[in-house]
Amino acid sequence: MNSLGKYEVLRKYLINDTTIKNLLTVTVNSKDIVCIFTAEKPEKITANNYVILKMKELSGGYITADQVEFDIIGKDISKLLSVKDKIIELLDDPRNTKTIKDENVTILTSELVNGGGIAKNAETNNFNVIIYFKIQTKGVC
């Protein structure tokens, strides 16, 4: 399965939410960008609050399992906690009552496995709120 496809399905699902858009959108070159990134934030984008999405494969095959880590980063802890709460609301779905998919990839289950916690980076003065999910996915390359 195409790993990038899993990232994109989750990212597109999240950025379609109005609350996420309101909390994480910046304008770059007259274009609105919702600041949810894969692996790291691009240097050319200046954002006060953003999310880094990372995955670790747990099992392979046609139906895969992954641990998904969300690092919610910024200086305004209240905004970060609002983003965290909204991500949990959108993705904590162990009974698969929500549809998270595109033409190639379907998230079968998504459930919160760990709240992770909050840390502060002394160098940047940013807070980092971390949450972990386990997802099961089916799809084609």
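Student: In which element does I63 lie?
Tutor: This is a predicted model, in which local features need pLDDT of at least 70 and side-chain atom pairs count only at pLDDT 80 or more, while totals for chains, interfaces and linings use all residues. Residues are numbered from 1 along each chain as its sequence is written, and side-chain values use heavy atoms, with hydrogens and water left out. Helices (H or I, at least four residues) and strands (E, at least two) are DSSP runs numbered from the N terminus. On that basis, I63 belongs to strand 5.

Student: Is I63 buried, partly exposed or exposed?
Tutor: Buried means under 20% relative accessible area, exposed over 50%, and partly exposed in between (1.4 Å probe, protein chains only). Because its relative accessibility is 44%, I63 is classed as partly exposed.

Student: Which residues is I63 in contact with, leaving aside neighbours within four places in sequence?
Tutor: Contact means heavy atoms within 4.5 Å. V51 stands 12 residues from I63 along the chain, and their C-alpha atoms are separated by 26 Å. With neighbours within four places set aside, the contacts of I63 are L108, T137 and K138.

Student: Which residues touch the most other members of the largest nonpolar core?
Tutor: A nonpolar core is a set of buried Ala, Val, Leu, Ile, Met, Phe, Trp, Tyr and Cys residues joined through side-chain atoms within 4.5 Å. The largest such core has 28 residues, and those touching the most other members are F70 and I87.

Student: What is the relative accessible area of S30?
Tutor: S30 is found in the loop between strand 1 (25-28) and strand 2 (31-34). Its phi is positive, near 65°, in a residue other than glycine. S30 counts as exposed because its relative accessible area is 76%.
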